[in-house]
Amino acid sequence: EAYVDAFPGVQVITHERTRQLMAGPAVEFNRPGLESQLPGYLTMLEERLTATPPPQNPTALNERIAMGRWFLAEKRAVRHVLPSRTYSDRLTLRLGGREIQLVHVDRAVTPGDTIIYLPQEQMLLTADVLVNPISFALSSYPAGWIRTLEWIDALNPSVLVPGHGDPMTDESRLHATLSIFRTLRTHGASARARGRDAFAAADEALPLVREPMVVLTGDNAQLNQAFRSQLVEWFMYRVYDELAGPLTDAIAPIPTRARQAGT
């Protein structure tokens, strides 16, 4: 909405599936957070201020509450602007003598991932298909994600600009991520055949992906924990979903060990 307000007539371009998600499912996915989850979280923080014993750092807690209130107000005030132009597989733009290719290889992190490639500069903007340091695998598409990363690898770009984090001028993080995904997918199929649930399979797979994990996390304890939950567990859960049948474009719920156990 800010860009449309600032630049009247600007085109907003996305993949056709992204527009479909924006037009309805994404709004519904966020509704519980806006209506109950985030307000409930703020209420819990506010109750801590008057709790006995009192909080150890009330200033930090007040700052956290203020940030949460601001975030909730901003989210509730959003005026959704849908894309004015869509594409399916590839769209080439020419702006100021520069060629810009918008490419959808396969469903990876979302049904409508867009990769932006500047062939003259050999620069590739990956969006969340590749993140520095750790990819976020919630509601992802394992087979398509691997195919997408393989396509990027074959392109051999000089610069990779990830969805989050610093740009990369080598492919070490790309190769580490690919190695992790391939291992998790192979081990997930084996573990499922042995009757193991997705979280047990993730636990088993962690030692198998330690070496490429260190490439991503530097063996930082906090990053290692994020790697375990946001990448390994969530990716493995989607491996199991994929093995159970064709994945739809629906936004998948956040997996929990309780939900895996059917409780």
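Which helices and strands each supply at least two residues of the lining of the largest pocket? Before selecting anything, note that this is a predicted model, in which local features need pLDDT of at least 70 and side-chain atom pairs count only at pLDDT 80 or more, while totals for chains, interfaces and linings use all residues. Residues are numbered from 1 along each chain as its sequence is written, and side-chain values use heavy atoms, with hydrogens and water left out.

Select β1 (13-15), α2 (16-22), α3 (25-49) and α4 (58-76), which each supply at least two lining residues; helices (H or I, at least four residues) and strands (E, at least two) are DSSP runs, numbered from the N terminus. A pocket here is an open set of points on a 1 Å grid over the protein atoms alone, where a 1.4 Å probe fits, with protein on both sides within 12 Å along at least five of seven lines, and lining residues have an atom within 4 Å of a point. The largest pocket holds about 730 Å³ of space, and α3 gives the largest share of its lining, seven residues. Now show Met-22, Ala-26, Asn-30, Lys-75 and His-80, which, of the 20 lining residues, lie nearest the centre of this pocket.

Asp-197 caps the N-terminal end of α7, with a side-chain oxygen 3.1 Å from the backbone nitrogen of Phe-199.

Terms used: Points joined across faces, edges and corners; volume = space filled by probe spheres on them. Polar contact = N/O pair within 3.5 Å; in protein donor to acceptor, adjacent residues only side chain to side chain.
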